[in-house]
Amino acid sequence: MDSAKSEKWFALALLLICLIYLFTSLSIPTGTVSKPGPGFFPIILGLIGTLLAVGVTINGFKSSKHEKVNQDSYQERLQQDNIKRIIQYIMILTISILTFKILGAILTVFFLTIVLARICGQQGWIIPVIMGIVCASCLHFIFVKFFSIPLPEGLMRLVI
């Protein structure tokens, strides 16, 4: 399997995972606009993940030109990397679901954002940490301040 094909398969698998998550979250009651229910956040998260996965998929289908230096070993390494990414993605989502109440919503989203940024290839720690802070802050603002919906505090109640 050539590298471009491998990237396309990874992007399609990522899109499939996000779509499954989104459609699974649709079974949770969403409530109303004025009083969102427990399904509101998972649906928003599923929509964001699906939109990002669509972008990755489009990018994967656009960029099909790769250098042919040591093609066989490059293809094998790329295919292994893509499988590793999918497994890491599934594992981090599973861990975040299992630890959501323990860590609390803010810490879970903070760590989830950092780890997903690193899995997706973001180099260094500064950008992923900033992304985590922004995502966690937006989550807090939207749910706690804007909608007045308390989020699970988890370990944050020890800090605050």
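The model is predicted, with local features needing pLDDT of at least 70 and side-chain atom pairs counted only at pLDDT 80 or more, while totals for chains, interfaces and linings use all residues. Residues are numbered from 1 along each chain as its sequence is written, and side-chain values use heavy atoms, with hydrogens and water left out. The structure holds one cavity of 30 Å³ or more, and its largest pocket has a volume of about 900 Å³.

**Terms for voids**

- On a 1 Å grid over the protein atoms alone, a cavity is a set of points where a 1.4 Å probe fits but cannot get out, and a pocket is an open set with protein on both sides within 12 Å along at least five of seven lines.
- Lining residues have an atom within 4 Å of a point; points are joined across faces, edges and corners, and a volume is the space filled by probe spheres set on them.
- Helices are DSSP runs (H or I, at least four residues), as are strands (E, at least two), numbered from the N terminus.
- Nonpolar covers Ala, Val, Leu, Ile, Met, Phe, Trp, Tyr, Cys and Pro; charged covers Asp, Glu, Lys and Arg; the others, Gly among them, are polar.

**Largest cavity**

- The largest cavity has about 30 Å³ of space.
- Its lining consists of F10, L14, R85, I86, Y89, I119 and C120; helix 1 (3-25) and helix 3 (71-103) are the elements that give two or more residues to it.
- Helix 3 provides the largest share of this lining, three residues.
- By class, the cavity lining has six nonpolar residues, no polar and one charged.

**Largest pocket**

- The largest pocket is lined by 33 residues, and L45, I48, G49, L52 and L116 lie nearest its centre.
- At least two lining residues come from each of helix 1, helix 2 (40-62), helix 3, helix 4 (105-119) and helix 5 (126-146), with the largest share, 11 residues, from helix 2.
- The lining comprises 26 nonpolar, six polar and one charged residue.
- Domain 1 (1-67) and domain 2 (74-159) each contribute at least three residues to the lining of the largest pocket; the bounds come from an automatic or database domain assignment.

**Second largest pocket**

- The second largest pocket has a volume of about 690 Å³; of its 27 lining residues, Y21, F41, P42, L45 and I97 are the closest to its centre.
- Helix 1, helix 2, helix 3 and helix 4 give two or more residues each to this lining, and helix 3 gives the largest share, six residues.
- Its lining has 21 nonpolar, six polar and no charged residues.

**Annotated spans**

- UniProt, in an unreviewed entry, places the feature "transmembrane region" at residues 9-28, 40-61, 86-119 and 125-147; such annotations may be inferred rather than shown by experiment.
- Residues 9-28 are 85% helix and 0% strand, with end C-alpha atoms 30 Å apart.
- Residues 125-147 are 91% helix and 0% strand, with end C-alpha atoms 32 Å apart.

**Aromatic pairs**

- A search of the whole structure finds two aromatic pairs, a pair being rings of Phe, Tyr and Trp (its six-membered ring) with centres within 6.5 Å; planes under 30 degrees apart are stacked, over 60 edge-to-face and the rest tilted.
- F110 and F111 form an edge-to-face pair, 5.2 Å centre to centre with 65 degrees between the planes.
- F146 and F147 form an edge-to-face pair, 4.9 Å centre to centre with 75 degrees between the planes.
- F146 counts as exposed (over 50%) at 58% relative accessibility.

Note on methods
Buried < 20%, exposed > 50% of the residue type's maximum accessible area, 1.4 Å probe, protein only.
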